[in-house]
Amino acid sequence: MDLGIRGKRALVCASSKGLGLGCAEALAEAGVDLVMNARGAEALEAEAARLRADHGVAVETVACDVTSAEGQEQVIEAAQGIDILVTNAGGPPPGLWSDWDREDFIKALDSNMLTPIAFMKALLPGMMDKGWGRVVNITSQSVRAPIPVLGLSNAARTGLTGYVAGTARQVAPQGVTINNLLPGIHDTDRALSLDTGVSNQQGISLDEARAARSATIPARRYGTRQEFGAACAFLCSQHAGFIVGQNILLDGGATNLTM
Ligand code: NAP
């Protein structure tokens, strides 16, 4: 399917690995020029070079912490005039409801709620002026059903979801859509780190931790970054202009919901 977005330009935050990289790859395959970001320059430059070579698109890189004020300033400067925004950042650490203090919550809110909001605030007006734009926020299945050990994620991402629900309906008249993609477990470094935590805590091997988690998923496997990226690229396509303010679960059926 031709996604109809060849020649458009996208910012994909936190995109040297994992789900962000999956989105950058799928957009590059659709002919979209990119601004890519991550803190570590080495992996970022390597992936940018690969996408330029594989897809013939222009790729600019900004190596910085996207959750810091200085980082946001640099990325927003590079992303002026973009048509597509994919927000993403690392997830908060696991723990128990009783572990966290105010500072832990502020950090999680900064990373997973206020950072995407800052990007939308800065970049939505340019899209609205052009009468076309797409925003996809990478959030988590934890906004549909809480994950007990990820209380910081449950809290921060639900705040973002509320903001998007209201904002998406205010920018839709100008041809701009905002939607959230909610990953369940995907085969990335984040999943490896969560499984390592389970393995250490329960005294089981990493393979056993992964097998136990896979057994809880109706699809009986982890998602891939390519599957995630393809869903993101579709939401950014011409065909998705009537999808507004939605929260789309990509979780192999893991969240047991009727709707
Ligand atoms: P990942 O494989 O660990 O990749 C994270 C990417 O983001 C890397 O490119 C990393 O590069 C970059 N990054 C992290 N923090 C950053 C920051 N502050 N500024 C700029 N770049 C940053 O993680 P993932 O699995 O793709 O997860 C992406 C998001 O989805 C996370 O918020 C995660 O919690 C959420 N999620 C993931 C899953 C899953 O199963 N994978 C499930 C639910 C939710 P650098 O380290 O070089 O910065």
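How many residues surround the ligand, and which are the closest? Select the ligand and its surroundings: 28 residues surround it, and the closest are Ser16, Leu19, Ala89, His186 and Thr188. A residue counts as near when one of its heavy atoms lies within 4 Å of the molecule.

Before going further, a word on what you're looking at. This is a predicted model, where local features need pLDDT of at least 70 and side-chain atom pairs count only at pLDDT 80 or more, while totals for chains, interfaces and linings use all residues. Numbering runs from 1 along each chain as its sequence is written, and side-chain values use heavy atoms, with hydrogens and water left out.

**Stop 1: around the ligand**

Stay with the shell and colour it by residue type: nine are nonpolar, 13 polar and six charged. Here Ala, Val, Leu, Ile, Met, Phe, Trp, Tyr, Cys and Pro count as nonpolar, Asp, Glu, Lys and Arg as charged, and the others, Gly among them, as polar.

Now look for polar contacts (pairs of N or O atoms within 3.5 Å; within protein, one must be able to donate a hydrogen and the other to accept it, and residues adjacent in sequence count only if both atoms are side-chain atoms). Pick Lys17: one of its polar backbone atoms is 3.0 Å from an oxygen atom of the ligand. Move to Asp65, whose side chain has an N or O atom 2.8 Å from a ligand nitrogen. Then try Thr188, where a side-chain N or O atom is 2.4 Å from an oxygen atom of the ligand.

Show the surface next. Taken alone, the ligand exposes 880 Å², and the protein buries 89% of that; the areas come from the Shrake-Rupley method with a 1.4 Å probe, and for residues only the protein chains shown count as cover. Switch to cartoon to see the elements that give two or more residues to the shell: helix H1 (18–29), strand S2 (33–38) and helix H6 (189–202). Helices (H or I, at least four residues) and strands (E, at least two) are DSSP runs, numbered from the N terminus.

**Stop 2: rings**

Select Trp100 and Phe105. The structure holds one aromatic pair, and here it is: edge-to-face, 6.2 Å centre to centre, with 85° between the planes. Rings of Phe, Tyr and Trp (its six-membered ring) pair if their centres lie within 6.5 Å; planes under 30 degrees apart are stacked, over 60 edge-to-face, the rest tilted.

Is Trp100 buried or exposed? Trp100 is buried because its relative accessibility is 13%, the cut-offs being under 20% for buried, over 50% for exposed and partly exposed in between (1.4 Å probe, protein chains only). Phe105, at 30%, is partly exposed.

Two more rings have a charge over them (NZ of Lys or CZ of Arg within 6 Å of the ring centre and within 35 degrees of the ring normal). Lys8 is over the face of Trp132, 4.1 Å from the ring centre. For Arg210, find its charged end over the ring of Tyr222, 4.2 Å from the centre.

**Stop 3: loops**

Most residues other than glycine have a negative phi. Click Ala14, in the loop between strand S1 (9–12) and H1: its phi is positive, about 50°. Finish at Arg220, in the loop between helix H7 (206–215) and helix H8 (225–235). Its phi is also positive, near 60°, and Arg220 is exposed, with a relative accessible area of 53%.
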